[in-house]
Amino acid sequence: MDKNKKITAAIFSINSDLTNRIISKLNEIELFDKIVVVSKNELEFNSPFLIRSDHPFSSEAIKKVIEKTSTSYLLLIAGSKYVELTNDAVNNFIFEAGKTKAGWIYSDFFEKQNGKLVLHKLIDYQIGSVRDDFDFGNCFMVKMDVAKDYLEELYSAKNDLRYSSLYDLRLTISRHSSAVRISKPLYSVWINDESTAKEKIFDYVDPKNREVQIEMEQVTTHHLKKINAYINPASKKSVRIENKFSCEASVVIPVKNRLNTIGDAINSALRQKTKFNFNIIVVDNHSEDGTTELIRNKLFEDKRVIHIVPERTDLGIGGCWNEAIFHPECGKFSVQLDSDDLYSDENTLQKIVDKFYEENCAMVIGSYKLTDFNLNEIPPGIIDHREWTDENGHNNALRINGLGAPRAFYTPIITEIKFPNVSYGEDYSVGLAISRQFKVGRIYEPVYLCRRWEGNTDASLSLERQNSNNFYKDSLRTKEILLRQEINRNN
């Protein structure tokens, strides 16, 4: 075969035995000019193209991979699972790359597990797909002239990174070319572990990953500056807190069919000890399991409980929040309490309101402890989002998937912004909008208990639902980035 039509493969090795199996399979494919392996271990195949590195995604490793690539395209393979590629699959990658002129090409794939073949669809890339955990599958192709032309623009060109250089390369390529998904499966991945997305959802806030997160934030910030979407912290405003409200704070609880937990949530709010008056606005989204009757009983027991049943029947969680914040009895501060969850003690509400006055902020975000239904702590335990900083939290927010809980809002600001009428990402949407403009206060001690159980809305999500959720949040980031670019152009 003409050497000019061949490509290079690079495997980021996690397991030597697995890598040896992948190499054995790739050697059957005539389209590969060479196979580069990044590994901290010696391999069975004594290849001159072995790059020894304790950190496969370090600046040094990625630069060496690029240096060893003399072909037009580089196929990157994540070596965490066994990947089956064919000559036709590689030809498809090359064809799509040539047709679209994309700098980064990825495809859907099949998962093989327990003798079953399951289609694993991915989602399309967009401007807002800047999160570091975007799923490209286990194989993706890079157009090398784009990668090499902009090497000096990498954050890692001037900084030694240990974990995030591949992420850096992807963002850099996206600034000058497109990232294209091939919406058909081109390869197969063998699944033989029990890890799930649910177990990994909090990886980015696990303290053991703090060093990784710091690097990822630096890369993201560099990218936002390059695309003119970085917001200078000096531009953020404090709020002047007014005293025109008859009620200081409202605990807002949207609920639908949570008979097993809503009573605990309301009692948790009623137990709060404060120096001010507060109420509890429960927005009952047409429950059918006895939740409505339970709330009515609470209303008779304590006049601080306000029970709203919206006229509309098409409301998501965001729409229910809008019902609460526009209610005439809503307090100066609107404070979240999910119908599954509890405040950690009787002082949570006071701590949140105090933070508003201490920092004149438009939003306060606390920290929480993950528990099971019976309030036993479960890993990773406390979620405090210490990756947030006053200086850069509002920019780093575009990289991560959530801002923390409980969330509380200065009501005049949140009624201006309003929630989107959805049941996923509504909190993230308003968090991005508020943090772009205003100071956000943080409480880093746990003031909230987040119960994980089979009834949670984010428990055991299907791949289709995960993809839908991720695409929606990416679309929020896209909208936010375009808005920030417009703000910066006009300043």
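Pro406 is located in the loop between α12 and β17 (407-410), where helices (H or I, at least four residues) and strands (E, at least two) are DSSP runs numbered from the N terminus. A cis peptide bond with omega of about -5 degrees links Ala405 to Pro406. A cis peptide bond also joins Pro379 and Pro380, with omega of about 0 degrees, and Pro380 belongs to strand β16 (residues 377-383). The structure is a predicted model, in which local features need pLDDT of at least 70 and side-chain atom pairs count only at pLDDT 80 or more, while totals for chains, interfaces and linings use all residues. Residues are numbered from 1 along each chain as its sequence is written, and side-chain values use heavy atoms, with hydrogens and water left out.

Asn360 occupies the loop between α11 (348-359) and β15 (363-371) and is partly exposed, at a relative accessible area of 32%.

Helix α7 (residues 210-226) comprises 17 residues and spans 25 Å from its first C-alpha to its last, close to the 24 Å expected at 1.5 Å a residue; the expected span is 1.5 Å times one less than the number of residues. The buried residues of α7 include Gln213, Glu215, Met216, Glu217, His222 and His223. Among the elements that cover the buried residues of α7 are α5 (165-176) and α12 (393-396), contact being defined as heavy atoms within 4.5 Å.

Two helix pairs were examined through their axes, which are lines fitted to C-alpha atoms, for helices over the stretch in contact, with angles from 0 to 180 degrees between N-to-C directions. The axes of α8 (residues 262-270) and α9 (residues 291-301) come within 10 Å and cross at roughly 25 degrees. That makes α8 roughly parallel to α9, since angles under 35 degrees count as roughly parallel, over 145 as roughly antiparallel, 65 to 115 as roughly perpendicular and the rest as oblique. In this contact, Ile262, Gly263, Ile266 and Asn267 of α8 meet Thr291, Leu294, Ile295 and Lys298 of α9. By class, the contact of α8 with α9 contains four nonpolar, three polar and one charged residues; Ala, Val, Leu, Ile, Met, Phe, Trp, Tyr, Cys and Pro count as nonpolar, Asp, Glu, Lys and Arg as charged, and the others, Gly among them, as polar.

For α14 (residues 426-437) and α15 (residues 463-490), the axes come within 10 Å and cross at roughly 15 degrees; the two helices are therefore roughly parallel to each other. Tyr428, Ser429, Leu432, Ala433, Ser435 and Arg436 in α14 meet residues of α15 including Lys473, Arg477, Glu480 and Arg484. The contact of α14 with α15 divides into six nonpolar, two polar and five charged residues.

Lys418 lies in the loop between α13 (411-417) and α14 and, at 40% relative accessibility, counts as partly exposed. Beyond its neighbours within four places in sequence, Lys418 is in contact with Asn322, Phe326 and Val430. The C-alpha atoms of Lys418 and Ile325 are separated by 8.7 Å, although the residues are 93 apart along the chain.

Methods
Buried means under 20% relative accessible area, exposed over 50%, partly exposed in between (1.4 Å probe, protein chains only).
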